[in-house]
Amino acid sequence: MPMLSRGGGPARRSINRAPSPLIALALPWLTIFLGSLLPGWVLIASAPVLPPVGFLLFLSWRQLRPGLLPIWSGLPLGLFDDLFSGQPFGAAVLLWSLAAIVLELVEARVPWRSFFTEWLVAIGLIVAYIVMGLALANLAGAGAHIGIILPQIVISILSYPLVGRLVAVVDRFRLTPFMAV
Amino acid sequence: MAPPANRRSGFSRRAQYSTFLSYTAGAVAVVVGLVLLALSIVSPGAFASVRSAAADVTAPAGDAAAVSRSFGRHTVDSITGFFTSGREHARLKRELAEAKVRLVEAEATAAENRRLKKLLGLKGTGSAPVAFARLTRSTSASARRFAIVNAGRNDGLAKGMPVRSSDGLIGRILETGASSARVLLITDTESLVPVRRATDGVPAFAQGNGDGTIRIRLINLGINPLKNGDVMVSSGSGGLYRPGTPMAIVTKILRDGATARVLANPSDTDFVMVEHTWAPKETPPPASPKSGGR
């Protein structure tokens with residue numbers, strides 16, 4: 001009964017196996033699409049309280065696997081986010097693309113990274129993203145005070161390491177060799 | 001963590017070109033974003049059809065999310081209710097006895113109201129609701145306050161129709177898709193509702209603050225007559241919101257108005273009711289009590 005034998009280690013199970021190229025390529029995009037949809041479904045909020053999960057996943061994927069998502073990936077991913085986020089259309093395209101370019105430049109300048117430097121870079125980008133999101137919404141007709149986004153900024157910053165763990169788990173699954181070659 | 005080695009272009013022309021092209025594509029994405037943003041700021045309705053189509057497509061998942069949200073809330077309520085049921089039961093019995101007396105009084109008032117209206121020749125302002133729907137999704141990560149309901153053009157919804165729950169006003173329809181519609185919640189900063197104090201009709205405007213509270217701005221400046229605990233109801237001025245829909249309760253007095261809390265918290269509602277736009281068909285008589293003191 002080969003299906004039930006658990007004796008073989010990871011090397012035994014992965015012998016003559018390769019990760020599915022489709023899953024390996026598509027999973028980052030799918031998780032970010034899902035992340036853009038998720039905050040809306042969780043609750044009908046009376047204030048901006050949930051983190052922009054799509055953007056956090058986007059940052060996480062780019063920090064964990066630089067180069068996996070191309071620099072222009074902010075265009076399709078941001079377009080999808082704009083459909084559901086409630087921000088003026090185009091805001092996410094602009095801000096996600098800018099974030100991707102900034103991340104790329106930071107990575108070229110500071111190649112050695114640790115948990116805290118990555119979190120620090122992400123904190124800078126998250127704060128800039130949320131504040132500029134409010135500024136763009138106000139430009140498009142809202143008149144919201146900057147105080148209303150403070151809770152969201154704190155929640156987003158604190159949840160970023162968790163999002164990073166989630167991305168790491170998905171990344172392991174993405175590269176699990178299960179296709180026979 | 002060490003930098004990935006394959007990210008340096010080195011002397012390879014091919015690698016240099018692909019790096020250059022990827023940066024160019026990134027810059028193009030920024031420019032596209034700027035153009036889209038400028039378009040949507042100049043004409044806010046430009047992308048309404050795309051957004052509505054996207055909302056229609058994701059409607060089934062939104063329905064499932066709404067059902068599970070309400071299930072979760074009811075489960076929590078049941079568990080907490082288990083611990084407080086004795087006290088609640090006694091209190092409810094007391095309130096029921098009181099309410100029965102009030103009900104008889106209210107019936108008498110309603111009958112008198114009908115008789116007086118007939119005497120004046122006024123038409124009844126009540127009309128059938130357009131649709132009952134669930135709030136499926138909201139923009140909880142944005143500074144704007146929108147929600148999606150799972151009823152659309154096919155159910156007779158149109159732009160501007162007021163949306164309310166059993167507790168009070170929720171918002172109004174902003175964009176309609178085939179089977180879903182976008183609601184501008186009253187807590188959004190762009191939502192402006194003409195209101196009056198329920199007891200004596202002091203007129204005011206209610207504007208959302210964006211953080212779940214409402215800013216009440218009095219129309220007649222001078223001495224601020226508002227007090228904590230005053231209930232504001234929609235006044236029907238402008239012909240959009242039905243007069244007398246409960247809306248907010250005053251929590252903090254300011255110099256030229258007050259800050260208020262909404263009565264109908266959209267996260268606590270299972271179903272909402274979409275009503276027809278309230279536009280008086282004929283000019284009301286001058287002393288009509290329905291004209292909201294304006």
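Predicted model: local features only at pLDDT ≥ 70, side-chain atom pairs only at ≥ 80, totals over all residues.

Trainee: What does chain B come to in secondary structure?

Mentor: Three helices and 12 strands.

Trainee: And how does the radius of gyration of chain B sit against that of a compact globule?

Mentor: Chain B has 25 Å, whereas a compact globule of 294 residues would be near 19 Å. Its C-alpha trace spans about 90 × 50 × 45 Å along the principal axes.

Trainee: How much of chain B counts as buried?

Mentor: 34% of its 294 residues. As for contacts within chain B, take those between residues at least 6 apart in sequence: 59% of them join residues at least 24 apart.

Trainee: Switching to the interface, how many residues of chain B are in contact with chain A?

Mentor: 49 of them, and they meet 55 residues of chain A. Elements giving two or more residues to that side of chain B are α1 (13–42), α2 (48–57), α3 (59–120), β1 (131–138) and β2 (146–149).

Trainee: Which of those gives the most?

Mentor: α1(B), with 14 residues. By class, the side of chain B touching chain A has 25 nonpolar, 16 polar and eight charged residues.

Trainee: Back to α2(B), which of its residues are buried?

Mentor: B:Arg51, B:Ser52 and B:Ala55. Looking down the axis of α2(B), they fall within an arc of 100°, so they line one face of the helix.

Trainee: What do they pack against?

Mentor: In chain A, α4 (74–85). In chain B, the partners are α3, β2, β4 (169–176) and β5 (181–185).

Methods. Residues numbered from 1 in each chain as written. Chains lettered and ligands numbered in written order. Contact = placed C-beta atoms within 7 Å. Helix = DSSP H or I, 4+ residues; strand = E, 2+ residues; numbered from the N terminus. Nonpolar A, V, L, I, M, F, W, Y, C, P; charged D, E, K, R; others polar. Rg over C-alpha atoms; globule rule 2.2 N^0.38 Å. Buried ≥ 20, exposed ≤ 12 C-beta atoms within 10 Å, placed from the backbone. Arc of directions from axis to C-beta.
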